[in-house]
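I opened this entry to keep a record of what I looked up, beginning with the sheet and ending with the backbone.

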Amino acid sequence: MLDDVLSLARANSLWPLTFGLACCAIEMMAAGASRFDISRFGAEVFRPSPRQADVMIVAGTINKKMAPAVRTLYDQMLEPKWVIAMGNCAISGGPFVFPGQYAVVEGVDKLFPVDVFIPGCPPRPEALIEGILKLEEKLTGKRRWPEVIPQ
Ligand code: SF4
């Protein structure tokens, strides 16, 4: 019972880390602005410190040069913590993968575990909101709203 209450509270107050790596971060910022208003889902409190954040939204390309810093941010987040890989770059390296490439990490799951993957180049803000709903579902075991809203 207490676990259920804690899960519900966590799912409805996911605080993301203020953190963007490339173009997908623009879509993440749009999700936080008035048109898409991610605060409707309790996830608008972007924290500037990893020690205050629950979820890392990896939005953009991870260069190998940047990877140690990303890993450090993840390590500094307190448990429980979750990761959303937003966009093809975060999932697999995206359009920067070709034979012989040496600069890009081919997926953030090479650095640490990922809970939700959101495909797209870039995914739209609605897709990020769907990803947050998926993460909520993972925490509570049930979906807040139906996947397809009847017309
Ligand atoms: S997936 Fe596309 S939009 Fe997103 S960071 Fe990579 S290149 Fe940019």
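I took two strands as paired if DSSP finds at least two bridges between them, and I took helices (H or I, at least four residues) and strands (E, at least two) as DSSP runs, numbered from the N terminus. The model is a predicted one, in which local features need pLDDT of at least 70 and side-chain atom pairs count only at pLDDT 80 or more, while totals for chains, interfaces and linings use all residues. Residues are numbered from 1 along each chain as its sequence is written, and side-chain values use heavy atoms, with hydrogens and water left out.

I then went through the pairings. β1 and β2 (residues 82-86) run parallel and are joined by 5 bridges; the bridge partner of V55 in β2 is W82, and that of V58 is A85.

**Burial**

For accessibility I used these classes: buried is under 20% relative accessible area, exposed is over 50%, and partly exposed is in between (1.4 Å probe, protein chains only). Why did I note β1 as largely enclosed by the rest of the structure? In β1 (residues 55-59), 5 of the 5 residues are buried, so the strand is largely enclosed. Both of its faces are covered, with V55, I57 and A59 on one side and M56 and V58 on the other. β2 is mostly covered, with 5 of its 5 residues buried: W82, I84 and M86 point one way, V83 and A85 point the other way, and all are buried.

I also checked A31, which is found in helix α2 (residues 24-32) and is buried at a relative accessible area of 0%. Its C-alpha atom is separated by 32 Å from that of Y102, 71 residues apart along the chain.

**Ligand shell and cysteines**

Which residues are around the ligand? With near meaning that a heavy atom of the residue lies within 4 Å, I listed A22, C23, C24, G60, T61, N88, C89, P95, F96, G120, C121 and P122. By class the shell has 8 nonpolar, 4 polar and no charged residues, counting Ala, Val, Leu, Ile, Met, Phe, Trp, Tyr, Cys and Pro as nonpolar, Asp, Glu, Lys and Arg as charged, and the others, Gly among them, as polar.

Among the cysteines of this shell, C23 counts as exposed at 60% relative accessibility, whereas C89 counts as buried at 10%. Taking a disulfide as a pair of cysteine sulfur atoms within 2.5 Å, I recorded a count of 0 disulfides.

**Backbone**

Most residues other than glycine have a negative phi, and most peptide bonds are trans. I noted that the peptide bond from E79 to P80 is cis, with omega near -5 degrees, and that P80 lies in the loop between α3 and β2. C121 and P122 are likewise joined by a cis peptide bond, with omega about -10 degrees, and P122 is found in the loop between β3 and α5 (125-140). D37, although not a glycine, has a positive phi of about 50 degrees; D37 is found in the loop between α2 and β1 and is partly exposed, with a relative accessible area of 27%.
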